[in-house]
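User: I am new to this structure and would like to learn how to read its features one at a time. Could you take me through them slowly?

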Amino acid sequence: MTIKIGIIGCGVMGADHARILLGGIPGARLAAVHDADPRRAAEVAALATGVRMVDSALDLIADRDVDAALIASPNETHAPLTIACIEAGKPALCEKPLASTLEGCRAVVAAEMRGGRRLVQVGFMRRFDPGYRAMKRSLDEQQLGRALFFHCVHRNAVAPHYITSEETIASSAVHEMDIARFLLGEELAAVTVTGARVSRHAEARQPQFLVMESASGVVVTVEAFVDARYGYDVRAELVCEEGTIALEPNPPVSFRRANRDGFDVEADWRARFAEAYREQMRQWVASIETVRPVGSSAWDGYAASAIAEVALKAHAARSRMAIDIGERPAFYAA
Ligand code: ISE
């Protein structure tokens with residue numbers, strides 16, 4: 001059986017997802033696309049034959065020739081479109097964030113539970129990155145003993161002007177909130193946020209430093225900086241009782257030229273996480289066939305946004321804040 005996928009939103013991420021699908025994902029085919037700007041939709045539709053353009057997002061979800069939807073439209077549309085997929089009984093892979101407000105996240109969770117079927121995956125792609133997965137394996141198998149610290153660096157080289165100090169937390173550091181919950185297999189219980197002085201290259205936003213504490217006492221640190229001038233840079237090191245495990249930079253080749261030895265880095269995250277995005281798509285498609293959900297659930301999407309919201313309060317109040325996202329419903333049991 002071939003799953004016919006419709007993509008809503010043909011901007012940077014939607015177009016990237018389309019290319020991944022067209023590059024060959026077993027059991028799936030790109031069937032339809034929609035974008036509020038028809039020119040962008042046309043550009044993506046033209047990447048292959050047999051990809052239809054559909055006039056509205058809701059029509060795409062209702063389309064009899066679309067089995068599942070990938071939502072990569074603006075953040076404010078994520079919750080209503082994901083709920084429309086749930087009501088149509090169709091699986092949805094929604095880009096992060098699950099919703100632009102916490103109420104929106106809760107509404108998606110409530111709609112999915114009402115429907116009685118897990119249909120939603122949130123696009124926190126790092127859960128499919130080979131490096132993070134190796135860390136997870138070593139933790140789960142207790143190869144290095146229990147975790148003590150999880151140190152993270154998240155530097156973006158390019159960021160549009162609307163990425164403020166707050167967005168640095170809500171849009172960038174939110175990835176570390178999700179991956180920390182995933183790796184540690186437990187909730188985050190408190191957060192403190194300190195801003196560094198602003199970079200001379202971006203005077204309107206402060207680089208942020210977050211210290212989060214897990215329920216069992218692991219300390220998670222995150223440097224979130226959107227104006228690194230040298231390329232996209234994500235690092236992570238897990239410090240355990242009997243050893244450490246760290247992400248290696250992922251390009252498998254290094255160059256020697258002009259008396260220097262090293263590797264190239266890209267300006268944004270798509271190249272760094274290319275394998276994770278591909279694997280996310282592959283496993284999402286496979287999960288539709290097997291009816292076994294993978295990746296971040298709607299509950300995880302809600303959890304990441306709820307933690308980010310507390311971090312924003314801690315940032316404003318300049319004090320440590322407790323995090324309480326509530327009890328995970330049995331419906332979302334791992
Ligand atoms: C995007 O989801 C990422 O993966 C980046 O690392 C992040 O910093 C950016 O703000 C996101 O939109």
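User: How far is an oxygen atom of the ligand from an N or O atom in the side chain of Lys96?

Analyst: A polar contact is a pair of N or O atoms within 3.5 Å; within protein, one must be able to donate a hydrogen and the other to accept it, and residues adjacent in sequence count only if both atoms are side-chain atoms. Here the distance between a ligand oxygen and an N or O atom in the side chain of Lys96 is 3.2 Å, while a polar side-chain atom of Ser171 lies 3.3 Å from an oxygen atom of the ligand and the side chain of Tyr232 places an N or O atom 2.6 Å from a ligand oxygen. This is a predicted model, in which local features need pLDDT of at least 70 and side-chain atom pairs count only at pLDDT 80 or more, whereas totals for chains, interfaces and linings use all residues. Residues are numbered from 1 along each chain as its sequence is written, and side-chain values use heavy atoms, with hydrogens and water left out.

User: Which residues surround the ligand?

Analyst: Counting a residue as near a molecule or strand if one of its heavy atoms lies within 4 Å of it, the ligand is surrounded by Lys96, Met125, His154, Asn156, Ser171, Ser172, His175, Tyr232 and Trp269. Lys96 is also joined to Pro97 by a cis peptide bond, with omega about -5 degrees, and Pro97 lies in the loop between β5 and α5; helices (H or I, at least four residues) and strands (E, at least two) are DSSP runs, numbered from the N terminus.

User: In what order do the six strands of the open sheet lie?

Analyst: Strands of a sheet pair through backbone hydrogen bonds, either parallel or antiparallel. In this open sheet the order is β3-β2-β1-β4-β5-β6 with parallel pairing, where two strands pair if DSSP finds at least two bridges between them. The edge strands, β3 (52-53) and β6 (120-122), each pair on one side only.

User: At what angle do the axes of α4 and α5 cross?

Analyst: Two packed helices are described by the angle between their axes and the distance between the axes. Axes are lines fitted to C-alpha atoms, for helices over the stretch in contact, and angles run from 0 to 180 degrees between N-to-C directions. The axes of α4 (residues 75-88) and α5 (residues 102-115) cross at roughly 0 degrees and come within 9 Å. That makes α4 roughly parallel to α5, since angles under 35 degrees count as roughly parallel, over 145 as roughly antiparallel, 65 to 115 as roughly perpendicular and the rest as oblique.
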